[in-house]
Amino acid sequence: MLFFRSEERVNEWCRDHGIPRRPILSLQQLWQLAVAWYDTRLTPEARRPKPEEMRRIFARIGLEGPFWDPESDQFD
Amino acid sequence: MDFDTRVKAAIYRWFADTTKAPAAPEIAVVLGEPPGTIRDAYRRLFQKRVLFLEPDGETIRMAPPFSGVPTQHRVQVGDRSYFANCSWDSLGIPAALHREAQVLSRCEQSLEPIHIRVTREGPRTAQVVAHFAVPAAKWWADLVYT
């Protein structure tokens, strides 16, 4: 998960490295993801979200489809 | 609290306080336990996907969002400077610490510096995006590249 100045820079990087162009997140979406994942990370009760929780977190941020499905087998 | 949870909490506290990954003997001193017992807990936490260990089976490479090795993602929180594993984790550090931060990274294509001010409400810089190259189902299998 890398930073870029713009979507155009992402497209150039994918082309230059022969890597498929995959989802691009705004900084605000990335922050929502960071809070959902890490807000309680320093508490003893913290744990990795289970697949169903992950789907709910992603959907709340507008991230849906096989790419965001932790149990998808649609990618090599 | 079970033993592995105590070890996990001590690891995260150590990272937050020192910015560095703790070696098993350091956590052994904190918890008053033998180093071998702590090493065993590290390995169990790796199997549970709480930690990511180096191939030696005992050095912490990642305790997300913290990185045990230098990366291009630096996160300044007060007078402490952390390394994050990726763009997501660079925002994850202020989210986990509940502190304001400055994220210092780079555009991976142009290599120009990226500087993001993060307040308690979130990032204040607009002209940055993040690309997710690896699908969610593959994150753990390819964690270093992810």
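## A tour of chain B

Select the C-alpha atoms of chain B: the centres of domain 1 and domain 2 lie 22 Å apart. Domain 1 covers residues 3-63 and domain 2 covers residues 65-146; these bounds come from an automatic or database domain assignment. The model is predicted, so local features need pLDDT of at least 70 and side-chain atom pairs count only at pLDDT 80 or more, while totals for chains, interfaces and linings use all residues. Residues are numbered from 1 along each chain as its sequence is written, and chains are lettered from A and ligands numbered from 1 in the order in which they are written.

Stop 1: Domain 1 of chain B gives 10 residues to the contact and domain 2 of chain B gives 11 residues. Two residues are in contact if their C-beta atoms, placed from the backbone, lie within 7 Å. On the domain 1 side, α1 and β2 (60-63) of chain B are the elements that give two or more residues. Helices (H or I, at least four residues) and strands (E, at least two) are DSSP runs, numbered from the N terminus. The largest share of this side, four residues, belongs to β2(B).

**Stop 2: helix α3(B).** Select residues 35-47 of chain B. At 1.5 Å a residue, the 13 residues of α3(B) should span 18 Å, and the end C-alpha atoms are 19 Å apart, which agrees. The expected span is 1.5 Å times one less than the number of residues. Which residues of α3(B) are buried? They are B:Ile38, B:Ala41, B:Tyr42 and B:Leu45. A residue is buried if 20 or more other C-beta atoms lie within 10 Å of its own, exposed if 12 or fewer, and partly exposed in between, with C-beta atoms placed from the backbone. Seen down the axis, the buried residues of α3(B) fall within an arc of 105 degrees, so they line one face of the helix. The arc is that of the directions from the helix axis to the C-beta atoms. Their cover includes α1, α2 (24-31) and β1 (52-53) of chain B. On the other side of α3(B), B:Gly36 and B:Gln47 are exposed. After α3(B) comes B:Arg49, with a positive phi near 65 degrees.

**Stop 3: the sheet.** Now show the open sheet of five strands in chain B, ordered β5-β4-β6-β7-β8 with antiparallel pairing. Two strands pair if DSSP finds at least two bridges between them. At the edges stand β5 (80-83) and β8 of chain B, each with a single partner strand, so one side of each has no neighbour in the sheet. Strand β4(B), residues 74-77, is joined to β6(B) by three bridges, and B:Val75 has B:Val103 as its bridge partner there. Six bridges pair β6(B) with β7(B), where B:Ala101 stands opposite B:Val118. In their hairpin, six residues lie between the strands, and B:Leu111 takes a positive phi near 65 degrees. Two residues separate β7(B) from β8(B) in another hairpin.

**Stop 4: where chain B meets chain A.** The contact takes 38 residues from chain B and 39 residues from chain A. On the chain B side, α4(B) gives the most, with six residues. Strand β1(A), residues 2-4, runs antiparallel to β9(B), and three bridges join them. End at A:Phe3, which stands opposite B:Ala130 in β9(B).
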